[in-house]
Amino acid sequence: MDWQKIFHWIYVAGMAIGALHFISLSKNPRGVPKYEYLVAAFIPIWSGLAYLSMTLPQGNLEQGKIAVAGQIAHYARYLDWVVTTPLLLLALSWTAMHYISKDWALIASLMMTQVIVVACGLIADLSAVPWVRYLWYINGVVAFLVVLGGIWGPLRAKTRSQGAELSNFYDKLTTYFTVLWICYPIVWIIGPSGFGWINQTFDTFLFCLIPFFSKVGFSYLDLHGLRNLHSSTSQTNSEHLAGSAFQFLESITAFWTPQRLRSRRRV
């Protein structure tokens, strides 16, 4: 049984369901701009198509992967990430600037830095010399830390002038975002591309599980959270579920949020 192909097919199905859900939400936007639904739907569509290339006989494309130095480099993953991860940062930035004008210089800098992260990962995966591979990996990690600094620094600061409700929502959403995104370089380095501590099948499983929650899961929480900010009517079951998830995230953010700031938010 080819478990890798099964994982990819499940992922493609999950992306399709996510895209359909976001499209259906756009019919009743509840004050959330429709372009946010468009981006939320496009992300799983693109990602699903990229992973579909790893399940079909692609001829010379070798099902979205290529052998390098005895390892398999899944270039279709990078084709996915170079488009979807900057768009996820775009969506997070729109949430951070929900009530104010958009700082496009800040947004563009985050998105372009993320392109560097993905490009470094791809070059590392295609490098046959081990020390060169790890050098490119380190370059990508440094760029990734710059992205994290941007979303927790200047981007987070944008939320502080827009009320405690949006500010708290951004903190919870970004905690979720950060935890999942940190998993990417960890799985890369412990997988076949790095130290080889896990085999290709488990690596494939993780690179289906993590992207699902970082794409569909993130957009689900983001859109339903924004809808709750604008909604004066009773919540749907989906919005109750999103609210429960954010209650859990609030318990996580409480560990690092300064006591003075938490007291200020209660006022």
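Me: Which residues is Phe218 in contact with, leaving aside its neighbours within four places in sequence?
Reply: Start with the general idea: in soluble globular proteins, nonpolar side chains tend to be buried together. In this predicted model, Phe218 is in contact with Leu88, Ala91 and Leu92, and also with Leu173, Tyr176, Phe177 and Phe213, once those sequence neighbours are set aside.

Me: How many residues does the largest nonpolar core have, and which have the most contacts inside it?
Reply: That core has 64 residues, and Phe218 is among those with the most contacts inside it, along with Phe22, Tyr51, Leu92, Ile151, Leu155 and Phe177. Helices H1, H2, H3, H4, H5, H7 and H8 each supply at least two of its residues. The largest share, 13 residues, comes from H7.

Me: OK, now helix packing. How do I read H2 against H8?
Reply: Two packed helices are described by the angle between their axes and the distance between the axes. Here H2 (residues 34–52) and H8 (residues 200–230) pack at about 170°, their axes 10 Å apart. Angles over 145 degrees count as roughly antiparallel, so that's what H2 and H8 are to each other.

Me: Which residues make that contact?
Reply: On H2, they include Tyr37, Ile43 and Tyr51; on H8, Phe207, Val216 and Leu223 are among them. By class, the H2 contact with H8 has eleven nonpolar, two polar and four charged residues.

Me: What is the mean pLDDT, and where is the pLDDT below 50?
Reply: The protein's mean is 87, with 81% of residues at 70 or more. Residues 263–267 are below 50, and that stretch has eight contacts in the model beyond near neighbours in sequence.

Technical notes
Residues numbered from 1 in each chain as written. Predicted model: local features only at pLDDT ≥ 70, side-chain atom pairs only at ≥ 80, totals over all residues. Heavy atoms only, no water. Axes fitted to C-alpha atoms, helices over the stretch in contact; angles between N-to-C directions. Helix = DSSP H or I, 4+ residues; strand = E, 2+ residues; numbered from the N terminus. Parallel < 35°, antiparallel > 145°, perpendicular 65-115°, else oblique. Contact = heavy atoms within 4.5 Å. Nonpolar A, V, L, I, M, F, W, Y, C, P; charged D, E, K, R; others polar. Core = buried A, V, L, I, M, F, W, Y, C linked by side-chain atoms within 4.5 Å. Buried < 20%, exposed > 50% of the residue type's maximum accessible area, 1.4 Å probe, protein only. pLDDT = per-residue confidence, 0-100.
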